[in-house]
Amino acid sequence: MRRAAIKSLAAYVPPRLLTNADLEKLVDTSDEWILQRTGIRERHIVEPGVATSDLAKEAALGAIERAGLTPDDIDVIIVGTVTPDMFFPSTACLVQEKIGASRAWGFDLSAACSAFTYALTVGAQLVASHAATHVLVIGADVMSSIIDYTDRATCVIFGDGAGAVVVGPSDETGLGLLDFEHEIDGSGGSALCMPAGGSQRPASHATVDERLHYVKQEGQTVFKFAVRKTGDVCERLLRRNGVTAADLDLFVSHQANRRIIMSAAERLGLPEEKVIINIDRFGNTTAATIPLALADAVDQQRLKRGDLVLLASVGAGFTVGAVLVRWAI
Ligand code: UT7
């Protein structure tokens with residue numbers, strides 16, 4: 001086995017902004033409520049006709065170029081998403097065609113908000129086992145395609161975006177993906193889901209009339225689970241690796257709610273300057289939040305080669321993930 005590392009990173013959001021003021025015109029909400037309860041000021045959403053593969057393509061090409069590679073160098077494409085362009089073919093196939101990655105195979109990975117941490121882990125294992133040299137790991141979602149803009153409980157939360165990394169062999173011992181800790185808990189399935197459109201409740205006039213092709217969330221249930229579990233998996237991962245809060249340089253959590261992130265950071269004993277928060281500008285972009293946050297950290301020079309970074313996520317399923325990374329770029 002060899003160690004795998006993130007060799008490059010790029011993120012992309014569509015240009016169109018949806019602000020809290022815009023949402024005040026659509027549903028009974030307020031900028032104050034949204035900001036106080038979630039930390040979100042604005043999010044980006046696509047124009048009609050723009051799909052997940054389009055956002056993924058932009059991020060993917062950026063990551064490949066920054067790695068000093070061409071699309072032909074990519075062996076595997078993994079796309080984490082809950083908003084594939086279609087049920088099939090996979091979004092990985094569509095991205096492969098759009099970027100011209102002529103040698104690649106690949107697949108979509110369904111783990112909702114944990115899709116990036118899971119896809120990164122899978123990609124790293126393929127590199128570590130010598131099954132692949134360069135894996136393109138993408139987290140991308142067009143959440144606006146499955147959001148009910150008459151439901152104030154969900155429409156204020158989500159945004160669209162994509163992030164991509166190229167995972168390859170580490171060029172220095174000690175740099176790269178060090179360890180991970182993931183779990184799923186299917187008992188939470190109904191707390192956050194899109195009820196219809198699958199094999200259980202295929203699309204019909206009735207499912208459309210009942211608005212079942214949109215995200216449904218029991219906010220409080222998910223909130224409590226996320227607060228507890230983010231702390232649990234992170235603590236287990238840090239303990240196993242003999243890492244303390246003082247050793248960590250950065251905590252990059254899934255951006256679902258500012259309060260969830262800060263309560264996890266507090267439990268881990270991390271000061272605010274070690275926490276990346278960008279939910280204010282992007283909302284919850286599901287599979288894209290962690291690469292978008294990593295890209296911000298790099299842009300703000302808060303993440304540099306050799307830094308110890310803890311990634312964490314909780315999402316629909318429930319899915320829970322944490323990855324410990326010694327940053328290699
Ligand atoms: O990324 C996937 C994982 N997802 C998450 O981690 C999300 C976890 N959940 C949350 O972040 C929070 O539960 C929400 C942000 C979704 C909701 O915040 P909350 O503090 O849990 O609010 P709540 O659902 O308990 O609702 C409190 C009140 C209710 O009114 P009443 O019953 O007290 O009169 C809601 O009807 O706020 C009301 N409300 C709103 N008011 C204004 C709900 N949504 C809105 C809104 N604007 N958009």
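Trainee: At what angle do helix α3 and helix α4 pack, and how far apart are their axes?
Mentor: In this predicted model, helix α3, which covers residues 52-66, packs against helix α4, residues 91-99, at an angle of about 55°, and their axes are 9 Å apart.

Trainee: Which hand does the crossing of α3 and α4 have, left or right?
Mentor: The crossing of α3 and α4 is right-handed.

Trainee: What about phi at A112?
Mentor: A112 is not a glycine, yet its phi is positive, at about 50°, and the residue lies in the loop between β5 and α5 (115-128).

Trainee: OK, pockets now. What volume does the largest pocket have, and which residues lie nearest its centre?
Mentor: The volume of the largest pocket is about 960 Å³, and among the 44 residues that line it, V82, T83, P84, I146 and M194 lie nearest the centre.

Trainee: How does that lining divide into nonpolar, polar and charged residues?
Mentor: The lining of the largest pocket has 24 nonpolar residues, 15 polar ones and five charged ones. Strands β5 (105-109) and β9 (192-193) each supply at least two residues of this lining, and at least three residues come from each of domain 1 (4-169) and domain 2 (176-326).

Trainee: How much space lies in the second largest pocket?
Mentor: The second largest pocket holds about 580 Å³ of space, and it is lined by 32 residues, of which I157, Q217, G219, F223 and N257 are the closest to its centre.

Trainee: Which elements give two or more residues to that lining?
Mentor: Those elements are α2 (31-38), α6 (152-155), α8 (219-240), α9 (258-268) and β12 (308-315), with the largest share, six residues, coming from α8. By residue class, the lining of the second largest pocket divides into 15 nonpolar, 13 polar and four charged residues.

Trainee: Where does the second largest pocket lie relative to domain 1 and domain 2?
Mentor: The second largest pocket lies between them, because domain 1 (4-169) and domain 2 (176-326) both give residues to its lining.

Definitions and conventions:
Residues numbered from 1 in each chain as written. Predicted model: local features only at pLDDT ≥ 70, side-chain atom pairs only at ≥ 80, totals over all residues. Heavy atoms only, no water. 1 Å grid on protein atoms, 1.4 Å probe; cavity = no way out; pocket = protein on both sides within 12 Å on 5 of 7 lines; lining within 4 Å. Points joined across faces, edges and corners; volume = space filled by probe spheres on them. Helix = DSSP H or I, 4+ residues; strand = E, 2+ residues; numbered from the N terminus. Nonpolar A, V, L, I, M, F, W, Y, C, P; charged D, E, K, R; others polar. Domains from an automatic or database assignment. Axes fitted to C-alpha atoms, helices over the stretch in contact; angles between N-to-C directions. Left-handed = near helix turned anticlockwise from the far one by under 90°.
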